[in-house]
Each structure stands twice: as C-alpha cells, then as structure tokens.
Amino acid sequence: MPALRLSPDEWITRLYGADTSGEALDAARDLVEAVLWDLAARVLVLGVDVILEYGFWSRSEREEFRRRSAQLGARSELHFTHAPEGELLRRLTRRNADLPVGTFRIEEARLREWIALFESPNANELLAREQPEQP
C-alpha cells in the first residue's frame, strides 16, 4: 500500500539511541507520538494515506484517532494480527538475541506488563471503517 508509515519506536531510537533506558523511552514516547501525529495530520489533509504504528493499546485510544482522522476528512482502518502470549514471548527472545538495527531491547517483564494492559479489538471494532466527517 503506498502510504507514509510512522513508527514512534524508529524515531525514538534515532533521536535517543538504542541504549536508552526504558524510563527515558517512555518519557520520549508521548512527545514523539504528538509530533508524528502533527505530521500525519498534514499528510492526510494532502490526501496521502498514513499508517500509524502506535500500538493503540486501548479502545479509547483507537477511537480518539478514528475521530481525529474523520475530522480531517480521512477515513481510517484498523488492522490487527493476534498472536498468543507464548508466541509473543518466543518472538521477543529471538528479537533480543539478534537485535535489528534501529530498535531497542525489550525485557520480558515489560512485554508481560504491556500484554496485561492491551485491550483486544472486538468484532465490531474490527469491522468498523470510520468515514470522514461531512462538511
């Protein structure tokens, strides 16, 4: 799909380095995501598709970004791929053993915390296609 893909992790790593502590990464995330949204909003207004790799951990966060997109006249889609916790932990072990360039190490305990916080989208949310607001 021809689109601008924006990943906070990639920007945080470039700005702060891969060896930055988890606390520093967390502190940077809100600022980086806000700046990336400003960029995404401008690009959406220009009619270019944007893929936000924010994680969208909660339904309320997903709804907020659907609303923002609609206000700009853009439609939104949610793409979700489920992986069981055991598979996520196996992938994390492989990733940390051979850390890809431009990424940072994630400890298993942090991943387990994130898994507990994540709100899986329900069937209605996955089927929804938010349409732009009409003028």
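Predicted model: local features only at pLDDT ≥ 70, side-chain atom pairs only at ≥ 80, totals over all residues.
Residues are numbered from 1 along each chain as its sequence is written, and side-chain values use heavy atoms, with hydrogens and water left out.

The protein has six helices and two strands, arranged along the sequence in the pattern β-α-α-β-α-α-α-α. Helices (H or I, at least four residues) and strands (E, at least two) are DSSP runs, numbered from the N terminus. Taken along the principal axes, the C-alpha atoms fill a box of roughly 50 × 35 × 25 Å. The protein has 135 residues, of which 28% count as buried; buried denotes under 20% relative accessible area, exposed over 50%, and partly exposed the range in between (1.4 Å probe, protein chains only). The protein exposes about 9,000 Å², and carbon and sulfur atoms supply 54% of this area. Accessible areas come from the Shrake-Rupley method with a 1.4 Å probe, and for residues only the protein chains shown count as cover. Among contacts (heavy atoms within 4.5 Å) with a separation of 6 or more, 67% are between residues 24 or more positions apart.

Helix H2 comprises 24 residues (residues 22-45) and should span 34 Å at 1.5 Å a residue, which agrees with the 34 Å between its end C-alpha atoms. The expected span is 1.5 Å times one less than the number of residues. H2 bends by about 35° at Arg29, the bend being the angle between axes fitted to the seven residues ending there and the seven starting there. The buried residues of H2 are Leu25, Ala28, Val32, Glu33, Leu36, Trp37, Ala40, Ala41, Val43 and Leu44. These buried residues pack against strand S1 (4-6), helix H1 (8-16), strand S2 (50-52) and helix H3 (59-71). An α-helix has 3.6 residues a turn, so residues three or four places apart point the same way. Just after H2, Gly47 takes a positive phi of about 90°.

Two loop residues were also examined. Ser7, in the loop between S1 and H1, counts as buried at 5% relative accessibility. Leaving aside neighbours within four places in sequence, Ser7 is in contact with Leu36 and Glu53. Phe56 lies in the loop between S2 and H3 and is buried, with a relative accessible area of 13%. The phi of Phe56 is near 45°, a positive value in a residue other than glycine.

A nonpolar patch on the surface is formed by Trp11, Leu15, Tyr16, Leu31, Val35 and Leu39, with about 580 Å² of accessible area together. Patches are made of residues with over 30% relative accessible area and no salt bridge; like charges are joined within 9 Å and nonpolar side chains (Val, Leu, Ile, Met, Phe, Trp, Tyr) within 5 Å. H1 and H2 each supply at least two residues of the patch. Leu31, in helix H2, counts as exposed at 52% relative accessibility. Val35, also placed in helix H2, is partly exposed, with a relative accessible area of 46%. The C-alpha atoms of Val35 and Pro8 are separated by 9.5 Å, although these residues are 27 residues apart along the chain.

Side chains of opposite charge can pair when their charged atoms come close. A search of the whole structure finds 18 salt bridges, each defined as a side-chain nitrogen of Lys or Arg within 4 Å of a carboxyl oxygen of Asp or Glu. Arg62 lies in helix H3 and Glu125 in helix H6 (residues 123-127), so the pair ties together parts 63 residues apart in sequence. Both Arg62 and Glu125 are buried. These two residues belong to a network of salt bridges that links Arg59, Arg62, Glu63, Arg66, Glu119 and Glu125.

Arg112 forms a salt bridge with Glu85, with the closest N and O atoms 2.7 Å apart. This pair links distant parts of the chain, with Arg112 in helix H5 (residues 108-117) and Glu85 in helix H4 (residues 85-97), 27 residues apart. Arg112 is partly exposed at a relative accessible area of 38%, and Glu85 is partly exposed at 36%. In a further salt bridge, the closest N and O atoms of Glu77 and Arg75 are 2.4 Å apart. Glu77 is partly exposed, with a relative accessible area of 33%, and Arg75 is partly exposed, with 45%.
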